Amino acid sequence: MDETEQLRERVRQLIQSMPGAQREFAAAIGLDQTKLSKALNGTRRFSPHELVRVAEYSGVTVNWLLNGSDDAKTVTAVPAPAAGTASDPDDLAHSEPRRRILETAWQLIAERGYHRVRIADIAQACGTSTAAIHYHFPTKTEVLDEALRRNVKLAFDRQVAELHAVPGAHDRLLKLVELQLPTEGLLRAEWSVWLQVWNEVALDPRLRSLYTDSYDRWYQTILMTIRTGQEQGVFRLADPEAATAQLTALIDGLGIQVLTGRPGSTVGAMRAHLHDFIDRSIVQGA
């Protein structure tokens, strides 16, 4: 069985393990039922976006879908598993209430801000009780913790889905930059959550280990990509740690300027600055 067929078989397992029929699964991930059927019988491929949606809805990782393991070596550094993430299809049906609560809480935090979201707001948006929320998340701090872990998982899933078939380190690094731009929609929401986590970490040292572990995955992914580019002869043989520290700091600073509406700060300008830095400091002289 080749890798593509193994992917299809894993998705079939997920569908069988989830409540409802295949059409409900297709609707839940926002995919036309006919397209899902064609992807499962091999007449079309799952797109990167579809892989992310399958993983998000089912509570697994894209790495598990593609490679059969959350910890399989891939093109990005592997994050610590989010609480409630299940890679055993037999456990997936039981994770649905928690997944729905966390997805709702994450969206509310991104839209309103952590301190403006109450447990009662999450319960109302989910159509459930505050007791049900507290069953899964005893404290509001735990909601923020899991929102950060969800941010990391979303980024990891998206990066693996988009990059697993990109062999060139230069193209991969540019794609990583593109996947980190705070464009409208999902990426801007992820940035919003990150900004709030930074603020809470600055005020509460108890959160620092969680933040450090989460941020380190992104840092290590950039570092891996730069080292691969050096091995491929497309990046200059400078200190990869220094280049990674500079590039990640530049991404953070420019992203904050875009989100806070600094005059002249746009996603397009951010992209241009980052491409210029990569050309001058990482590629030039390779």
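Q: Which residues of helix 4 are buried?
A: Glu50, Leu51, Val52, Val54, Ala55, Glu56, Tyr57 and Ser58. Buried means under 20% relative accessible area, with exposed over 50% and partly exposed in between (1.4 Å probe, protein chains only). Helices (H or I, at least four residues) and strands (E, at least two) are DSSP runs, numbered from the N terminus.

Q: What kind of model is this, and how are residues numbered?
A: This is a predicted model, in which local features need pLDDT of at least 70, side-chain atom pairs count only at pLDDT 80 or more, and totals for chains, interfaces and linings use all residues. Residues are numbered from 1 along each chain as its sequence is written, and side-chain values use heavy atoms, with hydrogens and water left out.

Q: What is the mean pLDDT of the chain?
A: The mean is 88, and 94% of the residues reach 70 or more. pLDDT is the predictor's confidence in each residue, from 0 to 100.

Q: Where does pLDDT stay under 50?
A: Over residues 86–94, for which the model has 19 contacts beyond four places in sequence. A contact means heavy atoms within 4.5 Å. Where pLDDT is low, the predicted coordinates should not be read in detail.

Q: Back to helix 4. What do its buried residues pack against?
A: Helix 1 (3–17), helix 2, helix 5 (62–67), helix 6 and helix 9. Helix 4 is mostly covered, with eight of its 11 residues buried. Gly59 follows helix 4 and has a positive phi, near 80 degrees.

Q: How many aromatic pairs are there?
A: Six. Rings of Phe, Tyr and Trp (its six-membered ring) pair if their centres lie within 6.5 Å; planes under 30 degrees apart count as stacked, over 60 as edge-to-face and the rest as tilted. Phe25 and Tyr57 have ring centres 5.6 Å apart and planes at 75 degrees, so this pair is edge-to-face.

Q: Which helices hold Phe25 and Tyr57?
A: Phe25 is in helix 2 (residues 22–28) and Tyr57 in helix 4 (residues 48–58), so the pair ties together parts 32 residues apart in sequence. Phe25 is buried, with a relative accessible area of 2%; Tyr57 is buried at 12%.

Q: What about Trp194 and Tyr215?
A: Their aromatic pair is edge-to-face, 6.2 Å centre to centre with 90 degrees between the planes. Trp194 lies in helix 11 (residues 186–203) and Tyr215 in helix 12 (residues 208–232), so the pair ties together parts that are 21 residues apart in sequence. Both residues are buried.

Q: Which residues form the cluster linked by ring pairs?
A: Trp191, Trp194, Trp198, Tyr211 and Tyr215.

Q: Which ring does the charged end of Lys140 sit over?
A: The ring of Tyr114, at 4.8 Å from its centre. The rule is NZ of Lys or CZ of Arg within 6 Å of the ring centre and within 35 degrees of the ring normal. Arg150 lies over the face of Trp106, 4.4 Å from the ring centre.

Q: And helix 7, which residues are buried there?
A: In helix 7 (residues 119–126), Ile119, Asp121, Ile122, Ala123 and Cys126 are buried. Their cover includes helix 6 (96–112), helix 8 (130–136) and helix 9 (140–163).

Q: What are the domain bounds?
A: Domain 1 is 1–74, domain 2 is 92–165 and domain 3 is 166–285. These bounds come from an automatic or database domain assignment. The centres of domain 1 and domain 3, taken over C-alpha atoms, are separated by 29 Å.
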